[in-house]
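Please look through the sequence and the model shown below before reading on. The report that follows takes up a few parts of the structure in turn.

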Amino acid sequence: MDSVDTARTEGDDLLSELMRPLRLTGVFDSRWNLRGPWAIEGDAEESCAVLHFITEGDCWITGDGRTSFRLHEGDLAVFPTGTAHRLSDHPDRRGGIALGSVLPEREPGTSGEIRIDGEGPVTRLLCAGLHYDASAAGGLYRALPWALVLDRSQVDQEPLLRDTLRLLATTDRPVGPGDRLVTLRTFEMALVLALRPLLRELADNPATLPLLRHPGISKAMVIISTRFAEPWTIESLAREVGMSRSAFTAAFRELVGEAPARHLTGRRMQEAARLLGETSLPQSAVPQRVGYQSAVGFHLAFRKWFGVTPGEYRAGNRPAAARLAGS
(Lines give C-alpha, C1' and ligand atoms only; values in the text may rest on other atoms or scores of the structure.)
Protein backbone atom coordinates (compact mmCIF):
# COMPACT_ATOMS: atom_id res chain seq x y z
CA MET A 1 0.00 0.00 0.00
CA ASP A 2 1.51 3.35 -1.00
CA SER A 3 1.60 6.45 1.22
CA VAL A 4 -1.45 8.02 -0.44
CA ASP A 5 -3.55 4.89 0.15
CA THR A 6 -2.27 4.65 3.71
CA ALA A 7 -3.20 8.27 4.42
CA ARG A 8 -6.66 7.77 2.91
CA THR A 9 -7.21 4.61 4.98
CA GLU A 10 -6.16 6.37 8.18
CA GLY A 11 -8.39 9.31 7.29
CA ASP A 12 -11.35 7.00 6.66
CA ASP A 13 -10.69 5.23 9.98
CA LEU A 14 -10.53 8.52 11.83
CA LEU A 15 -13.70 9.88 10.26
CA SER A 16 -15.50 6.60 10.94
CA GLU A 17 -14.57 6.90 14.59
CA LEU A 18 -15.83 10.48 14.60
CA MET A 19 -19.31 9.31 13.56
CA ARG A 20 -19.49 6.13 15.63
CA PRO A 21 -20.38 7.65 19.04
CA LEU A 22 -22.59 10.42 17.65
CA ARG A 23 -25.99 9.98 19.29
CA LEU A 24 -28.82 12.49 19.27
CA THR A 25 -30.60 13.23 22.54
CA GLY A 26 -33.40 15.35 21.09
CA VAL A 27 -34.63 17.07 17.91
CA PHE A 28 -36.61 20.22 17.23
CA ASP A 29 -37.70 20.47 13.61
CA SER A 30 -39.60 23.15 11.73
CA ARG A 31 -40.94 23.91 8.30
CA TRP A 32 -40.38 27.38 6.84
CA ASN A 33 -42.72 28.87 4.22
CA LEU A 34 -41.34 32.23 3.14
CA ARG A 35 -41.91 34.87 0.49
CA GLY A 36 -39.42 37.66 -0.01
CA PRO A 37 -38.29 39.94 1.33
CA TRP A 38 -37.14 38.06 4.45
CA ALA A 39 -34.14 37.47 6.71
CA ILE A 40 -33.88 35.41 9.91
CA GLU A 41 -31.04 35.60 12.42
CA GLY A 42 -30.22 32.26 14.07
CA ASP A 43 -28.45 32.06 17.43
CA ALA A 44 -25.50 29.81 18.21
CA GLU A 45 -26.75 26.43 19.44
CA GLU A 46 -24.74 24.68 22.16
CA SER A 47 -24.28 20.89 21.76
CA CYS A 48 -26.56 21.04 18.74
CA ALA A 49 -26.02 20.46 15.04
CA VAL A 50 -28.28 22.43 12.70
CA LEU A 51 -29.63 21.14 9.39
CA HIS A 52 -31.28 23.06 6.53
CA PHE A 53 -32.83 21.22 3.56
CA ILE A 54 -34.27 23.37 0.77
CA THR A 55 -37.49 21.93 -0.64
CA GLU A 56 -38.42 24.87 -2.91
CA GLY A 57 -36.72 28.03 -4.08
CA ASP A 58 -33.39 29.17 -2.69
CA CYS A 59 -31.83 31.19 0.11
CA TRP A 60 -28.56 32.77 1.21
CA ILE A 61 -26.63 31.84 4.36
CA THR A 62 -24.18 34.19 6.03
CA GLY A 63 -22.01 33.88 9.13
CA ASP A 64 -20.02 36.55 10.96
CA GLY A 65 -16.81 37.16 9.06
CA ARG A 66 -17.57 34.35 6.60
CA THR A 67 -18.33 34.28 2.89
CA SER A 68 -22.03 34.03 2.08
CA PHE A 69 -23.22 31.05 0.08
CA ARG A 70 -26.42 30.24 -1.75
CA LEU A 71 -28.56 27.14 -1.33
CA HIS A 72 -30.92 25.95 -4.06
CA GLU A 73 -33.80 23.49 -4.09
CA GLY A 74 -32.55 20.04 -3.09
CA ASP A 75 -29.41 21.35 -1.37
CA LEU A 76 -28.54 20.42 2.21
CA ALA A 77 -26.46 22.41 4.70
CA VAL A 78 -25.23 21.02 8.01
CA PHE A 79 -23.76 23.16 10.78
CA PRO A 80 -22.03 20.50 12.94
CA THR A 81 -21.49 22.67 16.01
CA GLY A 82 -24.49 24.98 15.67
CA THR A 83 -22.55 28.10 14.65
CA ALA A 84 -24.76 31.21 14.52
CA HIS A 85 -25.78 32.15 10.99
CA ARG A 86 -28.26 34.22 9.01
CA LEU A 87 -30.72 33.01 6.36
CA SER A 88 -32.22 35.44 3.86
CA ASP A 89 -33.59 35.80 0.35
CA HIS A 90 -30.70 38.12 -0.55
CA PRO A 91 -27.13 38.29 0.84
CA ASP A 92 -27.43 42.03 1.55
CA ARG A 93 -30.87 41.91 3.15
CA ARG A 94 -31.07 44.10 6.27
CA GLY A 95 -33.35 44.06 9.29
CA GLY A 96 -33.49 40.35 9.99
CA ILE A 97 -35.96 38.78 12.44
CA ALA A 98 -34.47 36.96 15.43
CA LEU A 99 -35.24 33.24 15.27
CA GLY A 100 -36.22 33.33 18.94
CA SER A 101 -39.03 35.78 18.18
CA VAL A 102 -40.74 33.50 15.65
CA LEU A 103 -39.82 30.17 17.28
CA PRO A 104 -39.32 31.12 20.94
CA GLU A 105 -39.26 27.68 22.58
CA ARG A 106 -37.69 25.15 20.20
CA GLU A 107 -37.83 22.38 22.79
CA PRO A 108 -36.40 19.01 21.69
CA GLY A 109 -39.17 16.61 20.73
CA THR A 110 -41.43 19.31 19.30
CA SER A 111 -42.02 20.87 15.88
CA GLY A 112 -42.80 24.36 14.65
CA GLU A 113 -43.53 26.46 11.59
CA ILE A 114 -42.45 29.83 10.26
CA ARG A 115 -44.53 31.67 7.69
CA ILE A 116 -43.59 35.03 6.19
CA ASP A 117 -45.86 36.48 3.53
CA GLY A 118 -44.54 38.83 0.89
CA GLU A 119 -44.61 39.47 -2.82
CA GLY A 120 -41.24 37.96 -3.68
CA PRO A 121 -40.17 34.43 -4.67
CA VAL A 122 -41.22 31.47 -2.50
CA THR A 123 -38.70 29.55 -0.38
CA ARG A 124 -39.57 26.45 1.61
CA LEU A 125 -37.20 24.48 3.78
CA LEU A 126 -36.91 21.92 6.53
CA CYS A 127 -34.82 23.06 9.49
CA ALA A 128 -33.79 20.99 12.48
CA GLY A 129 -31.81 21.46 15.65
CA LEU A 130 -30.15 18.12 16.41
CA HIS A 131 -29.13 18.00 20.07
CA TYR A 132 -26.30 15.57 20.79
CA ASP A 133 -24.47 14.28 23.84
CA ALA A 134 -21.63 16.79 24.25
CA SER A 135 -19.37 14.16 25.82
CA ALA A 136 -19.45 12.21 22.54
CA ALA A 137 -18.27 15.16 20.46
CA GLY A 138 -14.49 14.95 20.58
CA GLY A 139 -11.87 17.37 19.36
CA LEU A 140 -12.12 16.21 15.76
CA TYR A 141 -15.87 16.82 15.63
CA ARG A 142 -15.43 20.30 17.15
CA ALA A 143 -12.76 21.02 14.53
CA LEU A 144 -15.13 20.45 11.60
CA PRO A 145 -15.83 23.44 9.33
CA TRP A 146 -18.63 25.74 10.52
CA ALA A 147 -20.83 24.69 7.58
CA LEU A 148 -20.86 21.60 5.37
CA VAL A 149 -22.91 21.63 2.17
CA LEU A 150 -24.20 18.92 -0.17
CA ASP A 151 -25.70 20.24 -3.40
CA ARG A 152 -28.69 18.57 -4.99
CA SER A 153 -26.62 16.28 -7.22
CA GLN A 154 -24.64 15.06 -4.20
CA VAL A 155 -27.83 14.46 -2.22
CA ASP A 156 -29.28 12.53 -5.16
CA GLN A 157 -26.20 10.30 -5.14
CA GLU A 158 -27.24 9.19 -1.65
CA PRO A 159 -30.79 7.86 -2.29
CA LEU A 160 -31.42 6.87 1.32
CA LEU A 161 -30.45 10.36 2.50
CA ARG A 162 -32.55 12.01 -0.21
CA ASP A 163 -35.65 9.94 0.54
CA THR A 164 -35.24 10.37 4.30
CA LEU A 165 -35.00 14.14 3.99
CA ARG A 166 -38.06 14.27 1.73
CA LEU A 167 -40.04 12.20 4.23
CA LEU A 168 -38.98 14.40 7.13
CA ALA A 169 -39.89 17.54 5.17
CA THR A 170 -43.49 16.49 4.56
CA THR A 171 -46.20 17.92 6.75
CA ASP A 172 -48.08 14.62 6.86
CA ARG A 173 -45.31 12.20 7.77
CA PRO A 174 -46.52 9.05 9.60
CA VAL A 175 -47.44 9.42 13.27
CA GLY A 176 -48.27 6.86 15.94
CA PRO A 177 -46.94 5.20 19.08
CA GLY A 178 -43.26 5.97 19.64
CA ASP A 179 -43.38 8.82 17.10
CA ARG A 180 -40.95 10.98 19.04
CA LEU A 181 -38.34 8.20 19.19
CA VAL A 182 -38.86 7.33 15.52
CA THR A 183 -38.38 10.98 14.55
CA LEU A 184 -35.25 11.24 16.71
CA ARG A 185 -33.64 8.16 15.20
CA THR A 186 -34.65 9.14 11.66
CA PHE A 187 -32.97 12.53 12.02
CA GLU A 188 -29.95 10.78 13.56
CA MET A 189 -29.72 8.56 10.49
CA ALA A 190 -30.09 11.60 8.22
CA LEU A 191 -27.23 13.34 10.03
CA VAL A 192 -24.91 10.36 9.69
CA LEU A 193 -25.90 9.85 6.05
CA ALA A 194 -25.18 13.53 5.39
CA LEU A 195 -21.85 13.53 7.20
CA ARG A 196 -20.59 10.43 5.41
CA PRO A 197 -20.06 11.97 1.92
CA LEU A 198 -19.04 15.29 3.46
CA LEU A 199 -16.38 13.64 5.60
CA ARG A 200 -15.28 11.52 2.64
CA GLU A 201 -14.56 14.78 0.83
CA LEU A 202 -12.54 15.99 3.80
CA ALA A 203 -10.50 12.78 3.78
CA ASP A 204 -9.79 13.25 0.05
CA ASN A 205 -8.88 16.90 0.61
CA PRO A 206 -7.15 17.03 4.01
CA ALA A 207 -6.25 20.71 3.57
CA THR A 208 -9.79 21.56 4.72
CA LEU A 209 -9.19 19.79 8.05
CA PRO A 210 -5.55 20.26 9.15
CA LEU A 211 -5.70 17.43 11.68
CA LEU A 212 -5.96 14.91 8.83
CA ARG A 213 -2.73 16.20 7.30
CA HIS A 214 -0.70 15.15 10.34
CA PRO A 215 -0.08 11.38 10.24
CA GLY A 216 1.06 11.16 13.85
CA ILE A 217 -1.87 13.04 15.38
CA SER A 218 -4.40 11.34 13.09
CA LYS A 219 -3.06 7.96 14.18
CA ALA A 220 -3.16 9.01 17.83
CA MET A 221 -6.80 10.05 17.50
CA VAL A 222 -7.72 6.61 16.13
CA ILE A 223 -5.74 4.91 18.92
CA ILE A 224 -7.48 6.96 21.61
CA SER A 225 -10.87 6.30 20.05
CA THR A 226 -10.46 2.55 19.64
CA ARG A 227 -7.79 1.42 22.15
CA PHE A 228 -8.60 3.65 25.12
CA ALA A 229 -8.69 0.66 27.52
CA GLU A 230 -4.94 0.11 27.15
CA PRO A 231 -2.62 1.62 29.81
CA TRP A 232 -1.46 4.57 27.73
CA THR A 233 0.79 7.35 28.96
CA ILE A 234 1.68 10.45 26.93
CA GLU A 235 5.16 8.98 26.43
CA SER A 236 3.86 5.64 25.13
CA LEU A 237 1.33 7.35 22.84
CA ALA A 238 4.07 9.57 21.41
CA ARG A 239 6.30 6.53 20.86
CA GLU A 240 3.47 4.63 19.18
CA VAL A 241 3.05 7.38 16.57
CA GLY A 242 6.78 7.99 16.12
CA MET A 243 7.08 11.37 17.82
CA SER A 244 8.87 12.88 20.80
CA ARG A 245 6.73 13.64 23.85
CA SER A 246 7.14 17.41 23.51
CA ALA A 247 6.46 17.51 19.77
CA PHE A 248 3.47 15.20 20.17
CA THR A 249 1.93 17.25 22.99
CA ALA A 250 2.42 20.55 21.15
CA ALA A 251 1.02 19.28 17.83
CA PHE A 252 -1.94 17.59 19.53
CA ARG A 253 -2.88 20.77 21.40
CA GLU A 254 -2.64 22.85 18.24
CA LEU A 255 -4.65 20.52 15.99
CA VAL A 256 -7.17 19.02 18.42
CA GLY A 257 -7.62 21.98 20.76
CA GLU A 258 -6.90 20.16 24.00
CA ALA A 259 -4.11 18.19 25.66
CA PRO A 260 -3.78 14.51 24.71
CA ALA A 261 -4.29 13.43 28.34
CA ARG A 262 -7.60 15.30 28.52
CA HIS A 263 -8.73 13.87 25.19
CA LEU A 264 -7.92 10.34 26.38
CA THR A 265 -9.78 10.92 29.63
CA GLY A 266 -12.76 12.25 27.71
CA ARG A 267 -12.93 9.14 25.53
CA ARG A 268 -12.70 6.89 28.58
CA MET A 269 -15.41 8.84 30.37
CA GLN A 270 -17.63 8.70 27.28
CA GLU A 271 -17.38 4.91 27.21
CA ALA A 272 -17.84 4.65 30.98
CA ALA A 273 -21.03 6.70 30.75
CA ARG A 274 -22.29 4.45 27.94
CA LEU A 275 -21.59 1.28 29.93
CA LEU A 276 -23.27 2.68 33.05
CA GLY A 277 -26.26 4.12 31.22
CA GLU A 278 -26.93 1.56 28.49
CA THR A 279 -25.70 -1.83 29.80
CA SER A 280 -26.08 -4.04 32.86
CA LEU A 281 -22.33 -4.52 33.25
CA PRO A 282 -21.48 -4.55 36.98
CA GLN A 283 -20.21 -1.17 38.10
CA SER A 284 -17.10 -2.83 39.54
CA ALA A 285 -16.15 -4.04 36.05
CA VAL A 286 -16.35 -0.63 34.39
CA PRO A 287 -12.96 0.83 35.47
CA GLN A 288 -10.89 -1.88 33.81
CA ARG A 289 -13.04 -1.77 30.68
CA VAL A 290 -12.14 1.89 30.19
CA GLY A 291 -8.45 1.80 31.07
CA TYR A 292 -8.35 2.30 34.84
CA GLN A 293 -6.51 -0.21 37.02
CA SER A 294 -7.74 1.48 40.21
CA ALA A 295 -11.44 1.65 41.07
CA VAL A 296 -10.72 4.64 43.33
CA GLY A 297 -8.88 6.45 40.54
CA PHE A 298 -11.78 5.81 38.16
CA HIS A 299 -14.35 6.99 40.75
CA LEU A 300 -12.45 10.26 41.32
CA ALA A 301 -11.95 10.86 37.59
CA PHE A 302 -15.61 10.15 36.78
CA ARG A 303 -16.88 12.47 39.50
CA LYS A 304 -14.53 15.25 38.41
CA TRP A 305 -15.63 14.85 34.78
CA PHE A 306 -19.40 14.54 35.20
CA GLY A 307 -20.02 16.11 38.62
CA VAL A 308 -21.70 12.92 39.90
CA THR A 309 -20.44 9.51 41.04
CA PRO A 310 -20.69 6.45 38.77
CA GLY A 311 -23.44 5.07 41.01
CA GLU A 312 -25.44 8.30 40.84
CA TYR A 313 -25.01 8.39 37.06
CA ARG A 314 -26.31 4.84 36.71
CA ALA A 315 -29.27 5.71 38.93
CA GLY A 316 -30.24 8.43 36.48
CA ASN A 317 -28.85 11.47 38.28
CA ARG A 318 -27.40 13.13 35.19
CA PRO A 319 -27.93 16.90 35.33
CA ALA A 320 -27.21 18.76 32.11
CA ALA A 321 -24.33 20.63 33.71
CA ALA A 322 -22.75 17.31 34.69
CA ARG A 323 -23.07 15.93 31.16
CA LEU A 324 -21.27 18.98 29.83
CA ALA A 325 -18.57 19.05 32.52
CA GLY A 326 -16.01 17.42 30.29
CA SER A 327 -16.76 19.31 27.11
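## Overall make-up

How many helices and strands are there in the protein chain? The protein chain holds 14 helices and 11 strands, where helices (H or I, at least four residues) and strands (E, at least two) are DSSP runs, numbered from the N terminus. This is a predicted model, in which local features need pLDDT of at least 70 and side-chain atom pairs count only at pLDDT 80 or more, while totals for chains, interfaces and linings use all residues. Residues are numbered from 1 along each chain as its sequence is written, and side-chain values use heavy atoms, with hydrogens and water left out.

Of the 327 residues of the protein chain, 50% count as buried, a word that stands for under 20% relative accessible area, with exposed meaning over 50% and partly exposed in between (1.4 Å probe, protein chains only). Contact here means heavy atoms within 4.5 Å, and among contacts in the protein chain between residues at least 6 apart in sequence, 74% join residues at least 24 apart.

Glu-271 is buried, with a relative accessible area of 12%, whereas Arg-274 is partly exposed at 35%. The side chains of Glu-271 and Arg-274 make a polar contact of 2.8 Å, a polar contact being a pair of N or O atoms within 3.5 Å, of which, within protein, one must be able to donate a hydrogen and the other to accept it, and residues adjacent in sequence count only if both atoms are side-chain atoms. When residues up to four places away in sequence are not counted, Glu-271 touches Phe-228 and Val-290. Arg-274, for its part, is 40 residues from Arg-314 in sequence, and the two are 9.7 Å apart in space, C-alpha to C-alpha.

The axes of α10 and helix α12 (residues 295–306) come within 10 Å and cross at roughly 95°, and α10 and α12 are therefore roughly perpendicular to each other. Axes are lines fitted to C-alpha atoms, for helices over the stretch in contact, and angles run from 0 to 180 degrees between N-to-C directions; angles under 35 degrees count as roughly parallel, over 145 as roughly antiparallel, 65 to 115 as roughly perpendicular and the rest as oblique. On the α10 side the contact is made by Arg-262, Thr-265, Gly-266, Met-269, Ala-272, Ala-273 and Leu-276, and on the α12 side by Phe-298, Ala-301, Phe-302, Trp-305 and Phe-306. The residues of this contact divide into 9 nonpolar, 2 polar and 1 charged, where Ala, Val, Leu, Ile, Met, Phe, Trp, Tyr, Cys and Pro count as nonpolar, Asp, Glu, Lys and Arg as charged, and the others, Gly among them, as polar.

## The pair α7 and α9

Helix α7 (residues 215–226) packs with helix α9 (residues 245–256) at an angle of about 80°, and their axes are 10 Å apart. These two helices are therefore roughly perpendicular to each other. Ile-217, Ala-220, Met-221 and Ile-224 of α7 make the contact with Phe-248, Ala-251, Phe-252, Leu-255 and Val-256 of α9, and the residues of this contact divide into 9 nonpolar, no polar and no charged.

Asp-29 is found in strand β1 and counts as buried at 2% relative accessibility. The side chain of Asp-29 makes a polar contact of 2.8 Å with the side chain of Arg-31, and a polar contact of 3.0 Å joins the side chains of Asp-29 and Ser-111.

Most residues other than glycine have a negative phi, and most peptide bonds are trans. The peptide bond from Gly-36 to Pro-37 is cis, with omega near 5°, and Pro-37 has its place in the loop between β1 (24–35) and β2 (39–42). Ser-47, in the loop between β2 and β3 (48–56), has a positive phi near 50° and is buried at 17% relative accessibility. Arg-106, in the loop between α2 (99–102) and β9 (111–116), has a positive phi of about 55° although it is not a glycine, and is buried with a relative accessible area of 19%.

## Cysteines

The structure holds 0 disulfides, a disulfide being a pair of cysteine sulfur atoms within 2.5 Å. The sulfur of Cys-127 is 7.9 Å from the closest cysteine sulfur, in Cys-59, which is too far for a bond. Cys-127 is buried, with a relative accessible area of 4%, and Cys-48 is buried at 1%.
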